Amino acid sequence: MVRFKNRYVLCEVVSEDPRCRQCIEDRAVGLAVRDAIGRVHGDFGLACCSISFTVKYLNAYTGTVLLRCRKDSYRLLCSALPFVRQLESRNQRYPCFLNTLHVGGQPQPPRVQGLVPAGSPWSLTAPSRHSSMGEAPLPAMVPWVHHVQPYLNFQQI
């Protein structure tokens with residue numbers, strides 16, 4: 001069996017209109033991201049990213065979105081995210097943009113970032129080493145965290 005390596009991109013929907021976050025759906029976010037990839041990278045980029053691109057998690061109240069794509073094409077996805085300018089849902093267009101917060105190799109970045117409420121199935125904190133001292137529990141420290149590298153290195157040009 002072959003294991004497919006994926007990258008998970010944690011994004012935040014930023015909008016001045018508070019109705020934007022209440023009305024977004026995962027299908028609308030997926031279509032907007034695919035459209036941006038097609039505009040920026042053409043048919044080749046769209047084909048590379050569409051192989052396993054999915055919206056894994058969407059919280060409409062906090063505006064948190066978790067996108068999954070193949071490891072080979074996550075840079076194409078990350079470079080196209082700034083070109084998402086609006087989301088269309090229920091025949092309404094809401095101006096907004098996606099702010100990339102984190103890129104990781106496992107579907108656990110929301111736990112590390114602390115962006116998900118405690119009752120969510122994505123939430124998890126590490127057990128406290130100092131529980132008898134009354135200190136707050138330590139956040140889950142994960143060694144596999146991979147931050148986004150710049151797509152172009154201007155020193156090489």
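Me: How many salt bridges does the structure hold?

Reply: Side chains of opposite charge can pair when their charged atoms come close. The cut-off here is a side-chain nitrogen of Lys or Arg within 4 Å of a carboxyl oxygen of Asp or Glu, and the structure holds four such bridges. Mind that this is a predicted model, where local features need pLDDT of at least 70, side-chain atom pairs count only at pLDDT 80 or more, and totals for chains, interfaces and linings use all residues. Residues are numbered from 1 along each chain as its sequence is written, and side-chain values use heavy atoms, with hydrogens and water left out.

Me: Which residues are linked in a network of salt bridges?

Reply: Glu25, Arg27 and Arg90.

Me: Is Arg27 buried or exposed?

Reply: Buried means under 20% relative accessible area, exposed over 50%, and partly exposed in between (1.4 Å probe, protein chains only). Arg27 has 54%, so it counts as exposed, while Glu25 is partly exposed at 25%.

Me: What separates Arg39 and Asp35?

Reply: About one helical turn, because they sit four residues apart in helix H2 (residues 26–50). Helices (H or I, at least four residues) and strands (E, at least two) are DSSP runs, numbered from the N terminus. The Arg39–Asp35 salt bridge has its closest N and O atoms 3.4 Å apart.

Me: Which residue lies over the face of Tyr74?

Reply: A charge sits over a ring if NZ of Lys or CZ of Arg is within 6 Å of the ring centre and within 35 degrees of the ring normal. Here that's Arg7, at 5.8 Å from the ring centre.
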